[in-house]
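Dear colleague,

Please find below the structure that I am handing over to you, with its sequence. My findings follow directly after it.

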Amino acid sequence: ASQGPRDECVFADAPSVREVANKRWLKNKEVLDILNRAGALGFKPLEEVVTSPLSGQLILYDRSTVKHFRRDAHGWKKKRDGKTVREDHEKLKIDSVERLTCCYAHSAEIPSFHRRIYWLLRNQPQPEPYHVLVHYLDERDICPEAAASAGRGVKGAAQKRTRKANGPPCQSRAGGADFSPTG
């Protein structure tokens, strides 16, 4: 009931989600699929905030029970006031319709490390409970072939950063996603 008439099932299971999340940023349709079908993919939301998540980790929270999911112990760039984390907010479209909200944060210590937080727009059908998906990625971990398949927005900027960055490409520093598999 939470999926729209044109929503696609992109992922088959949790391992396929982890494989993609370790290599590149998720596409809009992939995020929508995860938020709409978290349980069917074998994931349940975490009940505690993960401390210092690594690159490639995906974390699903129930926003109504984990209020301070942004307190992850990473040092993020601050606004001019020096207190508030600087987050860029965007509404993301799928099939020319705004369906998701995304907040971007940039590490204050590692220029290539970023956090993206996704949730469904309120005017969309909401699965219960109200989930947020948090993805951490060091763009040095982005594989050039994965970035090329990710589509616009990732291909140019991410590939340029990947070539300039130190360290071997396509080698994740994370052990995988922090979803809690059910069953």
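Please bear in mind that the model is a predicted one.

Eight of the eight residues of β6 are buried. Both faces of the strand are covered, with His131, Leu133, His135 and Leu137 on one side and Val132, Val134, Tyr136 and Asp138 on the other.

Turning to the interior, I may recall a general point: nonpolar side chains tend to be buried together in soluble globular proteins. Here, the largest nonpolar core holds 26 residues, and those that touch the most other members are Leu26, Leu35, Leu100, Tyr118 and Leu133. Two or more residues of this core come from each of α1 (14-23), α2 (28-37), β2 (58-62), β3 (87-94), β4 (97-106), β5 (113-120) and β6 (131-138). There is also a second, separate core of 16 residues, which includes Val50, Phe69, Val132 and Tyr136.

Which residues does leucine 100 touch, if those up to four places away in sequence are not counted? Leucine 100 is in contact with Asn28, Val31, Leu32 and Leu35, with Glu90, Lys91, Leu92 and Ile94, and with Trp119, Leu120 and Leu121.

Helix α2 is the next element to consider. The helix is largely enclosed by the rest of the structure, because eight of its 10 residues are buried. These buried residues are Glu30, Val31, Leu32, Asp33, Ile34, Leu35, Asn36 and Arg37. What covers them includes α1 as well as β2, β3, β4, β5 and β6.

The side chains of aspartate 33 and arginine 37 meet in a salt bridge with an N to O distance of 2.5 Å. Both residues lie in α2, four residues apart, or about one turn of the helix. An α-helix has 3.6 residues a turn, so residues three or four places apart point the same way. Aspartate 33 and arginine 37 are each buried.

The structure holds nine salt bridges. One of particular note joins the side chains of arginine 115 and aspartate 72, at 3.1 Å from N to O. This pair links distant parts of the chain: arginine 115 belongs to strand β5, whereas aspartate 72 lies in the loop between β2 and β3, 43 residues apart. Arginine 115 is buried, as is aspartate 72. Both belong to a network of salt bridges that links Arg70, Asp72, Glu87 and Arg115.

Finally, I turn to the cysteines. How many disulfides are there? The count comes to zero, where a disulfide requires two cysteine sulfur atoms within 2.5 Å. Cysteine 102 is in no disulfide, and the nearest cysteine sulfur, that of cysteine 103, is 6.6 Å away. Is cysteine 102 buried or exposed? Cysteine 102 has a relative accessible area of 0% and is therefore buried, the limit for that class being under 20%. Cysteine 143 likewise counts as buried, at 3% relative accessibility.

With kind regards

Conventions:
Residues are numbered from 1 along each chain as its sequence is written. This is a predicted model: local features need pLDDT of at least 70, side-chain atom pairs count only at pLDDT 80 or more; totals for chains, interfaces and linings use all residues. Side-chain values use heavy atoms; hydrogens and water are left out. A nonpolar core is a set of buried Ala, Val, Leu, Ile, Met, Phe, Trp, Tyr and Cys residues joined through side-chain atoms within 4.5 Å. Buried means under 20% relative accessible area, exposed over 50%, partly exposed in between (1.4 Å probe, protein chains only). Contact means heavy atoms within 4.5 Å. A salt bridge is a side-chain nitrogen of Lys or Arg within 4 Å of a carboxyl oxygen of Asp or Glu.
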